[in-house]
Amino acid sequence: MDAIFTRKHRDIIDKVTYLGRSAFAPRAAEHDILAATPTRNLQDVVAAGLNAAALREEIGGLGGGALGLDPLASLLIVEHSARYCLSTAQCLHIHYNTSHRLDQTANADQIERIIKPIVDQGAFVNNTGSEPGRTGRGLLNLRTSARKTDGGWLLNGVKNYSTMADVVHFNAISAVVTDGDTGKSAIQFFAVPRHAAGLTIEPDSWDPMGMRAAYSPTLTLRDCFVADRDVLGKAGDYARGRWTAKSHLSFAAQYVGGSEGVVDFLCDYIPKRGTSGNSHTQLRLGEIRIAIDAARNSLYHAAWLWQQGATDNAELASMKAKHVALKCATSVIEKSAQIAGSSALTARSVLSRFLRDLRYQSLHENPDTTATEIGRALLGEHFDVSARL
């Protein structure tokens, strides 16, 4: 696997591994208890020069992201962060995917005001499309609305799972806009400043079982004004650009990295437990190793396809990689618990946190839906590479 890495890739891995061992892992228990954004970890990422990883190199980034010259640049950071703290990896996943999309689609003024501060000031951005009840309505069937007014738009609605909402300088928020002439509706994204009037972070709205430090509260928008200059692209661009498909690999990287963190724990714990010679333990640990390596190969192959510009194949390969990595993670959850035993699963143990985080994060995807879409593609039927739930 090392043969595919450039010197830049190895430097990235070394930096994140150092941060993971010296900072992310030692802080993980505290962040889990607090259920708060891991701001110190994010500051460490900035200090290491990695927060602009998904931006073009010509503006100070590392060229990562699905459409970048080096998609692995940002994926490696997510993967190796997840090995030590899945919540930190999720924060970076959101930031990288959002910043990459804005870098690829924003106008010149928005690049200066929204993207350049990521490079120059260590700023972060996020994307909030989810809403209460959206799963039953469909991915793009939203209730948050935007109404045109003088000089801008008024947003009204409720959003949930807004990762890092308390620290980003802009939040890309989706809303339904309706054309006054045709009556047709479409999804429009808006760059909403963190302290915008009418935007409220609902207190006590984030207390999950897992991924607790990936602080993702509920937002309420009540006549939240967004200036015309902060309208992101055209209505319907997100769906037309199939941007959900461009984020699949970053989820896969989290599943692979988190699973690797479990292996780290097991290889340290099992000898201390005295069960290294147990054939059942050896079998399950071997199965885990094989599954992770297969998932990682699938992840890196899809990244390579993006780099080659093979968009259609890359989208399908990304769906497959996410599916393989998710199946790997759920298998790791079961098998690691079997061979570690209940004594390793106290409420605040390292293994408990990894298993809670992996299970909670795996619910971002319905593997049956993914497999069905891949089957449709094979049969020449219409399929959706953005399908999730």
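First stop, helix packing. I'm working with a predicted model here. I looked up helix α2 (residues 39-47) against helix α4 (residues 86-105), and they pack at an angle of about 55 degrees. Their axes are 10 Å apart. Angles of 65 to 115 degrees would count as roughly perpendicular and those under 35 as roughly parallel, so I noted α2 as oblique to α4. For handedness, I wrote down a right-handed crossing of α2 past α4.

Next I checked who makes that contact. From α2, I listed Asn41, Leu42 and Val45. On the α4 side, I have Thr88, Cys91, Leu92 and Tyr96. Sorted by class, the contact of α2 with α4 comes out as five nonpolar residues, two polar and no charged ones.

Then I zoomed out to domains. The assignment for the protein chain gives me domain 1 (2-123), domain 2 (145-234) and domain 3 (242-379). Taken over C-alpha atoms, their centres are separated by 20 Å. I counted in 29 residues from domain 1 and 28 residues from domain 3 at the contact.

How much area do domain 1 and domain 3 bury between them? I got about 2400 Å², with 62% of it on carbon and sulfur atoms.

Terms used
Residues numbered from 1 in each chain as written. Predicted model: local features only at pLDDT ≥ 70, side-chain atom pairs only at ≥ 80, totals over all residues. Heavy atoms only, no water. Axes fitted to C-alpha atoms, helices over the stretch in contact; angles between N-to-C directions. Helix = DSSP H or I, 4+ residues; strand = E, 2+ residues; numbered from the N terminus. Parallel < 35°, antiparallel > 145°, perpendicular 65-115°, else oblique. Left-handed = near helix turned anticlockwise from the far one by under 90°. Contact = heavy atoms within 4.5 Å. Nonpolar A, V, L, I, M, F, W, Y, C, P; charged D, E, K, R; others polar. Domains from an automatic or database assignment. Buried area = accessible area lost by both parts, 1.4 Å probe.
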